[in-house]
Amino acid sequence: PTPTAQRSFPLLIPLLPSLSYDIMRSSPTYIILLLFIVLRWDTGYKPITYPRKSEGLVETYPIATNDNDNSARTMYQEFPLQIDTGSSTSWVVSSQCNRDICTAVKRLDTSSLPTAEVGKSASIEFGRGLTVSGRVVRDVFSAGFLAVKNQTFIAADDVTAPFPGSGILGLGFGAKSPVPDKPNTIFENMVEQNLIAEPVFGVRLVSHGGGEIMFGGIDLSIIKGAIQYLPVTSLLEWEIPVKGIKFANKIITPPTRFIVDTGTTVNIIPEKYAEILFAEIPGSGIDNETGLRTVPCDIDETFTTSFIIGNEEYIMPAKDLAFQRINNTNNCITGTQGGELDDQWLLGDTFIKNFYVAFRLKPERSVGIARRVDV
């Protein structure tokens, strides 16, 4: 397939729900199914299909594979990866990781990648006990019909804590990558290789897991009103300015920036501000086992959280504060947590799932936020 043919329309891929592991570290609730295409580009291809749900109809997109159906089964490997706009490097657990947490998921067999370039080692620290280390690999890396050539990722030979799916699809900026030559992310390469019509991807997350990601455009069918784009204020993160937060009777207007991070389940704010906010909620506290903040699961619906961003006020409903029930109690882990942060806060999935969020590289790096018809 040629790049010009692939640019004719955007790629919409459904997101698949998965079990949660550590809500303060990552959000395995939202993962995306990707393919590794390991054939050389001078091999004959024929299309197979990838389903898309659009306006109640099922459409199909082609995936490049070999003419020989029998051999095609051995020529690519397929993995579920968590989409993570807070990570700059993609990684997939490899068959050389023999920990129980690795053998429980599908692992990458690098010995069966005939076109891959395997380089030096690299490691990533995610915090809260998760460190990923392994070999730097470059190969064809495909999502749906988009086959991205020369994509760098890490074959994780050691992973120190539970992780989502088979790894992470890094959708941040390659400039932050721990890999020495700072390789592009898969999205940056899609744009550079002219594989997508527009230099943007859009995300729709839904409650209880799932949703969709669109590369090369935004899904206008689910947007209500206009989408507001905010300029990104960092070369390393999808970071936008936030004017303030309204909560109960409090208005907090710190000079702050928010990283929009699909890889973090909850919103994370500096602990000193968390103390101010949760002092307003009767029955709020801290769970002895996890150390995480809690609120009553039957929290009053008036406890909404409003984020003043640009010229708009985006409201997160009270039910998203009561994020996850603790056993059979009336205490719920809250969807906004305090953390060891300064003036850089995290907008995680408890915020994102209430809106449609777009991440755009050109004409300037920006994050778009829109209300949705299905929320």
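I took strands, like helices, from DSSP runs numbered from the N terminus (strands, E, at least two residues; helices, H or I, at least four).

Before going on, I wrote down that this is a predicted model, in which local features need pLDDT of at least 70 and side-chain atom pairs count only at pLDDT 80 or more, while totals for chains, interfaces and linings use all residues. Residues are numbered from 1 along each chain as its sequence is written, and side-chain values use heavy atoms, with hydrogens and water left out.

Next I looked up the partners of E21, where two strands pair if DSSP finds at least two bridges between them. E22 (residues 312-316) runs antiparallel to E21 and is joined to it by five bridges; Ile308 has Glu313 as its bridge partner in E22. E15 (residues 244-247) also pairs with E21 in the antiparallel sense, over four bridges. Here I found Phe247 bridged to Thr305 and Gly244 bridged to Ile308.

I then followed the open sheet of four strands, whose order is E16-E15-E21-E22 with antiparallel pairing. Its edge strands are E16 (250-252) and E22, each of which pairs on one side only. From one strand to the next, the twist averages 20 degrees, with axes being lines fitted to C-alpha atoms (for helices over the stretch in contact) and angles running from 0 to 180 degrees between N-to-C directions.

Is E21 (residues 305-309) mostly covered or mostly open? I found five of its five residues buried, so that strand is mostly covered, where buried means under 20% relative accessible area, exposed over 50%, and partly exposed in between (1.4 Å probe, protein chains only). Thr305, Phe307 and Ile309 lie on one side, and Ser306 and Ile308 on the other.
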